[in-house]
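Here's a quick look at the salt bridges in this model. Have the structure open while you read.

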Amino acid sequence: MRNTVLAAQGRAIRHVCLTRRDPNHSVPGALRAADDEAGVLAFLSTCHPTDTVVITPNNIIRGFSPAVRAHLDRLPILHMASGQLSFFLQDSEVLAHSSYINGYKVSRILCLSDMDMLLHRQMGLHELTKVRLPVATRSDNGYSPDKNRFVTYVGRIDFHAKGAERLVPIAKLMKARGLLRLRIFTTDGPNSPDLPAFLAQLSAAGVSDWVEITYNVTDKPKLYEEASVLLLPSKKESLGNVILEAFSFGVPVIAPSYAPGPAEVIRHGVDGFLLDEYSAEAVVDRLESLSPDTLVRLSQAAFARHQDYSMEQYLTSLETIAADTALTFSGRNEIRPYPVIKSIEMLTARLERTQLRLSLIKRTLSWRMTEPLRLIRAKLTWKSQP
């Protein structure tokens, strides 16, 4: 968001960042609802549905106050599904919040990949538009097999989505076959929830000396300037910004074929590889097959590919979609960005009925008379425990 707003400065269409809070003040001119809700409301009151469109990544809009949301709801809303729908179906609790899900309506859904669009359509969601997220484009590709020698992973240490545990057997097989050590750039903060377990696995596999881990690096050249190939073992990946970042340095990527983002960006055998089985054998066999000439060819194609994801194309897409949405806005957001899940509705209704019955029971005379006795017994039981 910061890069988007900064890049949009001076364009004919004004881009404004509305955030709940921004303690680092990283977005110049951002409207911070937690610090100045009155100012935010005053600004939103000047916005009209014919000239203002709201773009919200996933469920960010949910965190604003009812007063702010009331103003946003009267404007056309573009829901950017920057997290793939399968994640929300499998791993998020948001679908259980029926009041929010049933009340949250938008005017269009923005998807990042054809695979995610297909899943949306299978779930009955059809008002979809695909967009390409941006990466900072570069003019020169400095990739060279003599300099770019290290197989590299860039990302958090998370087993569930990022599949970081797959790096352990890969490193073990790389060591057994005499390849250079694996380089990992990650964070030691909360974003790496499985870091202790990962370090223990490296030790147990006897490859702690064959994996070079560097923490909390944000300088992009340091991440990629010596990388020969980037490994992306993710089990789920809506896009994979690291793919585009690696491509901007001419670094090819090896990723699973079933993650929507990598499958959308990587062209198998052209600028990287998509593996149906992301095993140590499959990855290391592929690494050993890459000659210097092959790496140069992959690098040139990867570098050319990243130009397709420029900030200019992204801003132009957003502005075109927003203008079209504003022109056709009926005055109400009417599209559900999340599907109706019958089993969730049934469980929610059953819970509501149970809570209603319990409420009725508590209102009866017998419950009111015996409740003090139950509380006394509970206290006596607790005090009698050793």
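Is Glu264 buried or exposed? At 16% relative accessibility, Glu264 counts as buried, where buried means under 20% relative accessible area, exposed over 50%, and partly exposed in between (1.4 Å probe, protein chains only). Glu264 pairs up with Lys130 in a salt bridge, with the closest N and O atoms 2.7 Å apart. Glu264 sits in helix H11 (residues 260–265) and Lys130 in strand E6 (residues 128–130), so the pair ties together parts 134 residues apart in sequence. Lys130 is partly exposed at 32%.

## Ground rules

This is a predicted model: local features need pLDDT of at least 70, side-chain atom pairs count only at pLDDT 80 or more, and totals for chains, interfaces and linings use all residues. Residues are numbered from 1 along each chain as its sequence is written, and side-chain values use heavy atoms, leaving out hydrogens and water.

A salt bridge here is a side-chain nitrogen of Lys or Arg within 4 Å of a carboxyl oxygen of Asp or Glu; by that rule there are 18 salt bridges. Helices (H or I, at least four residues) and strands (E, at least two) are DSSP runs, numbered from the N terminus.

## Two bridges to helix H14

Glu312 and Arg11 meet in a salt bridge at 3.1 Å, N to O. Glu312 lies in helix H14 (residues 311–328) and Arg11 in the loop between helix H1 (2–7) and strand E1 (18–19), so parts 301 residues apart in sequence get tied together.

Arg108 bridges to Asp324, with the closest N and O atoms 2.6 Å apart. Arg108 is in strand E5 (residues 108–111) and Asp324 in helix H14, so this pair links parts 216 residues apart in sequence. Arg108 is buried at 17%, while Asp324 is partly exposed at 34%.
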